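Please look through the sequence and the model shown here before reading on. The paragraphs that follow move from the overall picture to the sheets and then to the contact between the chains.

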There are 2 protein chains.
Amino acid sequence: MNLEQMGKAAQDAAYVLAETPTRVKNCALLAMADALEANGSQILAANEQDLSAARNQGMAEAMLDRLMLNPARLKAIADDVRNVVSLQDPVGSELESRVLENGMRLSRRRVPLGVVGVIYEARPNVTIDIAALCLKTGNASILRGGRETFHTNQQLVKVIQQALAVSELPAGCVQYIGEPGREWVSGLLKLDRYVDMIIPRGGPGLHQLCKEQATIPVIIGGFGISHTFVDASADLGRALAVVDNAKTHRPSACNALDTLLVHRAIADGFLPLLSEHMAAKGVELVAEQEALPLLQQGPAKVRAAQQGDFDTEWLSLTLGVKLVADVNEALAHLRAYNASHSDAILTNDLANAERFINGAPSAAVYVNASTRFTDGAQFGLGAEVAVSTQKLHARGPMGLEELTSYKWIGQADYLIRQ
Amino acid sequence: MNLEQMGKAAQDAAYVLAETPTRVKNCALLAMADALEANGSQILAANEQDLSAARNQGMAEAMLDRLMLNPARLKAIADDVRNVVSLQDPVGSELESRVLENGMRLSRRRVPLGVVGVIYEARPNVTIDIAALCLKTGNASILRGGRETFHTNQQLVKVIQQALAVSELPAGCVQYIGEPGREWVSGLLKLDRYVDMIIPRGGPGLHQLCKEQATIPVIIGGFGISHTFVDASADLGRALAVVDNAKTHRPSACNALDTLLVHRAIADGFLPLLSEHMAAKGVELVAEQEALPLLQQGPAKVRAAQQGDFDTEWLSLTLGVKLVADVNEALAHLRAYNASHSDAILTNDLANAERFINGAPSAAVYVNASTRFTDGAQFGLGAEVAVSTQKLHARGPMGLEELTSYKWIGQADYLIRQ
């Protein structure tokens, strides 16, 4: 099939899904979970093919790990699908309903978006994850995974198609672009006649490509420099524990701390503590000029910050450190360095907390908490489609509701406009 | 200033506006309304300049009328601004607030989008309208009006700047691109570092341009083929009144009826009535093959539908007519002809009404009502920024709330993630 045909098939499937009851969608999801386990050996064999090809091409160990499936991981993926079954279907719920003065009952009802295009990198679990979340919300999906997962994804899509067939849902509900070539991505990004939303799940390069080429609304997100500002009034010992958690709990996460801003008034007391603590955790500090001497007195590895360091999302055990005069200078730093994801203030000062909440340009702002909480599961959304750092449609962790739109419904008795 | 500088100024102003209390924003709006009236003679003189230039270039009478200001229209524009003052400021309201199991108070608070770019055609009222709505919601705006309104807009922007200065708000809150040249539009569409949303207010050509060139989220809308399906069980006399209203109340509106779908079972009774009624209203009928003979028996002007007629938004006293077998065929027509704006079913059959509500791919769906109701004022939104026909962020009439985003706020007691 070419892209035009895939788009048309997806749109037709979306029309069917929009009127499919939750029960049928849930049956398909349960069938999908069961089929994942029943076809485990074929899936793992295909994954082994992908892994050995990737090893031969010299893929890094961390990437290989992301690509790798085993029986336990497959079971976890199937269980995630079963979890999606247990979530409430947002489609059909009323956002508002009122009777206008002219007697018309006007309501807004949640409906599926329609067709969602997802472009992602070498993680086979995303294939099942997104297919399941889209199906639950009545959206057709067109998936484009990384070429490193080609064989694995072929098997996963086969399983998905089995589950759709069992539930008598159209094959167009979930489609996969297996053909190699950038032109398929470019083509998908311009399929605005059929596709309602594009979700890129990958690095900044992929997001930039989508921004530039797409004629379809794109959800930008998943990365951003995270800051924590330790105010003069913070409890230093407890602040250190929060900074430690934000930095070291999972350094590769997009909500992990990148830059620590410290109020100048407490630098003498706090920076030596920081150095000691971070040395024990193996964190390297990258310090701006003023913070450097204080940190160099401690045991942690320190180097002077270079141009670009405060624009860097470290994704590793590295932490930028800078002194600021007050909350206003901290906010100015956030704005200058494009804070957009998760940022925190540690303070006992109510006015400063409120200033920071209002002034930070971030999707998620914390007072006296770790930036690590920005996450669909932590926020109780039940599932996470993506973390948006744009301001339209959805911001921060996106759950099932963010895979829906709404329509206005006006009901009356042959009403005409005066 | 170049676009980069304008973008930076807008973003800086947006930071100020995000923390500006409603009272100050309202003061600026009142000052704007007063200054519009106080500077009436300059504004009208500039408008006269634009009008005579447009007349010399042979602009059509209908377009000249849209461009024309007079004291009454200026007063109406000022009163519209005063009306915006009376609307509730959505910024700062909480969409939700709950305490997570770990003790964190998590809330979502409405915040301004930031910077809104608006590209529009030759209607000077849009300049004030959009500037006022953006200011009320704490957004900075960058406006690009049609070149036909150049002199009028220069005066209007001067008035806006006076009002901002009086209220000590930055000039960057409202900026206008006066320079001629398409490259300014293209440049604005790629200013994603500073601009959060683009609203095109114009025809399909402008929207297509924005879709193709923008690296910023665009709100697509403002046009679409509107359909009304007269089901077999409809009360024919009352159905005729609704069809009349949808077609003739304001034919140039985007929610005016374009295509009438009639259930085959009632064609014999309904089409002659329709012809008689539409003849009296001066409406020309464009009929598909099967409806043609029945309509040709009546007094209305009729012609056979050509390729493309059912894809045409008439914006005039023309109405497409087609017979269908049932609600499913009506829905199939809506889907095939890209219904996206406002569509109605006239019926006494509950199941068909529900089928139509669920199946119509439109932003607004009506049961037994005129399509003319799709409008911010009719829906009680107080103001209308645009009518979106896309599914992301906002769908249908957009009011003040649709000029906002939200941020997540997590407050705790030095909480770390386990």
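This is a predicted model: local features need pLDDT of at least 70, side-chain atom pairs count only at pLDDT 80 or more; totals for chains, interfaces and linings use all residues.

In the unreviewed UniProt entry, the annotation "domain: Aldehyde dehydrogenase" covers residues 4–280 of chain A; UniProt positions are given in the numbering used here, feature names are shortened, and annotations may be inferred rather than shown by experiment. Helices (H or I, at least four residues) and strands (E, at least two) are DSSP runs, numbered from the N terminus.

One sheet belongs to chain A: four strands form an open sheet in the order 5-4-3-6, with parallel pairing, where two strands pair if DSSP finds at least two bridges between them. Its edge strands, each pairing on one side only, are strand 5 (174–176) and strand 6 (197–201) of chain A, and the twist averages 20° from one strand to the next. Strand 3 (residues 115–120) of chain A runs parallel to strand 6 of chain A and is joined to it by five bridges, with A:Y120 standing opposite A:R201. Helix 9 of chain A packs on this sheet, touching strand 3 and strand 6 of chain A, and its direction makes about 160° with that of strand 6. Helix 1 (residues 3–18) of chain A lies across strand 3, strand 4 (140–144) and strand 5 of chain A, running at about 145° to strand 4. Such angles run from 0 to 180 degrees between N-to-C directions, the axes being lines fitted to C-alpha atoms, for helices over the stretch in contact.

A second sheet takes strands from both chains: ten strands form an open sheet in the order 1(A)-2(A)-16(A)-13(B)-12(B)-7(B)-8(B)-11(B)-9(B)-10(B), with mixed pairing. Strand 1 (94–99) of chain A and strand 10 (302–304) of chain B are the edge strands. On the chain A side, A:R108 and A:E96 meet through their side chains in a salt bridge (2.7 Å, N to O); A:R108 lies in strand 2 and A:E96 in strand 1 of chain A, so the pair ties together parts that are twelve residues apart in sequence. On the chain B side, four bridges join strand 7 (residues 227–230) to strand 8 (residues 259–263), which run parallel, and B:F229 has B:L261 as its bridge partner.

Where the chains meet, 81 residues of chain A are in contact (heavy atoms within 4.5 Å) with 80 residues of chain B. The buried area, which is the accessible area (1.4 Å probe) that two parts lose on being put together, summed over both, is about 7000 Å², and carbon and sulfur atoms give 49% of it. In chain A, A:W408, A:Y414 and A:R417 lose the most area to chain B, together 14% of what that side buries. The interface of chain A and chain B has 14 salt bridges; A:R417 forms one with B:D375, the closest N and O atoms being 3.7 Å apart.

How values were computed: Residues are numbered from 1 along each chain as its sequence is written. Chains are lettered from A and ligands numbered from 1 in the order in which they are written. Side-chain values use heavy atoms; hydrogens and water are left out. A salt bridge is a side-chain nitrogen of Lys or Arg within 4 Å of a carboxyl oxygen of Asp or Glu.
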